[in-house]
Amino acid sequence: MTAVDGISLTVEEGEFITVVGPSGCGKSTTLLNVAGLQTPTAGTIRLRGQDLTDLPAYERDIGVVFQDYALFPHKTVGENIGFGLKMRGVDSEQRKRRVEEMLEIISLEGYAEMYPHECSGGEQQRVAVARALAFDPDLVLMDEPLSNLDKELRHSMRNELKRIQRETGVTTIYVTHNQTEALSMGDRLAVLNDGQVEQFGDPKNAYQNPETPFVAGFLGQSSRLDGVYSDSPTPQIETASGVTFDVTPQGQVGDGDDVALFLRNELVGFATGDADPANTFEGVVGEVDYQGRDVVYLVDVPELDSVVEVSGKRKHGGTDVLEKGASVSISIAPEDVIYTPLEGQVRTAEAAPV
Ligand SMILES: Nc1ncnc2c1ncn2[C@@H]1O[C@H](COP(=O)(O)OP(=O)(O)OP(=O)(O)O)[C@@H](O)[C@H]1O
Ligand SMILES: [Mg+2]
């Protein structure tokens, strides 16, 4: 079985790269290959031009935080954090100072003599982060390093990691399931699917201009419709149910192409009386999912032969919540309609009409 197939990522020195993708898509496998803890059957791993592919893990200057934050169980917190320094021959005085520094950074002052089993999951995770950073590695790999922390701590650790990264300038590859983390922390974002990179670049661009249906559907919350794009008389997409959406043109798609169209739930609004009739559809509120800050409605839209998700944040003066069964009109501005070539229909120069 192939866990990772043809992943190619070039990371610049000092960059913070975030990697997202569904469970089982090959994120951990990729990191294990880079760290030297698993050997790829093909391909090469280079760091600053040096081929590392056959170099054992302990000879690579790479700090790793595993998904399961495997600390050495018989070493104290202090010994865990100082391990990389000891391996590199740093004397005990200096080691102690650095360990104290790291403990302060992760807010675990006084924990040096404790053992991992005496720490909570979140504390162990922070120790694992400190262990990976303590010896000033050339590269740090983090696999879901904050997954065990509560929301508050996760938020502060996220800022802390970014601060440490900015201060040390250490090149970092950071795997996460959390979209907010992926979009907010990364200088660049890689979206993985099924052992392959679907898109790699500016996080904002990946969110706003996804290149594949997978990326469009994976980032954010949206409703998908399939259709056909046409240029004339104006740029539009006719959906399978025979409805037309006005859209703005984008480079990837040309006249007659099959496309996947996405309505992001935060970009769909409830139309008021004077709304432009373009991209406006009648519907009935089905499920109401009250989430506190947001209210997410599932609106049944017969014309679209689909249920459209609408995020109702502040849409009703911030007070009223629509009831199930309410009749509504939903609408979306043409420039907010996201669409990509359908799977396997990526346009090539040869296929483009002249
Ligand atoms: N040691 C292994 N032997 C065989 N298959 C494996 C092994 N480790 C992982 N796999 C398989 O390789 C694929 C990729 O696994 P990987 O752990 O890289 O996924 P992941 O993206 O990190 O997922 P998650 O988000 O759940 O951690 C999966 O289908 C998994 O079942
Ligand atoms: Mg994993």
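The structure, a predicted model, holds 1 cavity of 30 Å³ or more. A cavity here is a set of points, on a 1 Å grid over the protein atoms alone, where a 1.4 Å probe fits but cannot get out. Rolling a probe the size of a water molecule over the atoms shows where empty space is left. About 40 Å³ of space lies in this largest cavity, a volume being the space filled by probe spheres set on grid points that are joined across faces, edges and corners. Its lining residues, those with an atom within 4 Å of a point, are Phe 16, Leu 133, Met 142, Leu 161, Ile 164, Gln 165, Val 170 and Thr 172. Helix H5 supplies the largest share of them, 3 residues. Helices (H or I, at least four residues) and strands (E, at least two) are DSSP runs, numbered from the N terminus.

Some housekeeping on the model comes next. Residues are numbered from 1 along each chain as its sequence is written, and chains are lettered from A and ligands numbered from 1 in the order in which they are written. In this predicted model, local features need pLDDT of at least 70 and side-chain atom pairs count only at pLDDT 80 or more, while totals for chains, interfaces and linings use all residues; side-chain values use heavy atoms, with hydrogens and water left out.

H5 (151-168) turns up again in the second largest pocket. A pocket is an open set of grid points with protein on both sides within 12 Å along at least five of seven lines. This one has about 730 Å³ of space and a lining of 22 residues, with Gln 179, Thr 180, Gln 221, Arg 293 and Asp 294 nearest its centre. Two or more lining residues come from each of H5, helix H6 (179-185) and strand E16 (306-311); H5 gives the most, with 5 residues.

The chain is assigned domain 1 (16-206) and domain 2 (221-341), with bounds from an automatic or database domain assignment. Their centres, taken over C-alpha atoms, are 40 Å apart. Each of the two domains gives at least three residues to the lining of the second largest pocket.

Now for the ligand. Ligand 1 is surrounded by 12 residues, the closest being Ser 23, Gly 24, Lys 27, Ser 28 and Thr 29; a residue is near when one of its heavy atoms lies within 4 Å. Polar contacts are pairs of N or O atoms within 3.5 Å; within protein, one must be able to donate a hydrogen and the other to accept it, and residues adjacent in sequence count only if both atoms are side-chain atoms. Oxygen atoms of ligand 1 lie 2.5 Å from a side-chain N or O atom of Thr 29, 3.0 Å from a backbone N or O atom of Gly 26 and 3.1 Å from a side-chain N or O atom of His 177. Taken alone, ligand 1 exposes 640 Å², of which the protein buries 57%; these areas come from the Shrake-Rupley method with a 1.4 Å probe, and for residues only the protein chains shown count as cover.

Ala, Val, Leu, Ile, Met, Phe, Trp, Tyr, Cys and Pro count as nonpolar, Asp, Glu, Lys and Arg as charged, and the others, Gly among them, as polar.

| Site | Nonpolar | Polar | Charged |
|---|---|---|---|
| Shell around ligand 1 | 4 residues | 7 residues | 1 residue |
| Lining of the largest cavity | 6 residues | 2 residues | no residues |

The peptide bond from Ser 232 to Pro 233 is cis, with omega near 5 degrees.
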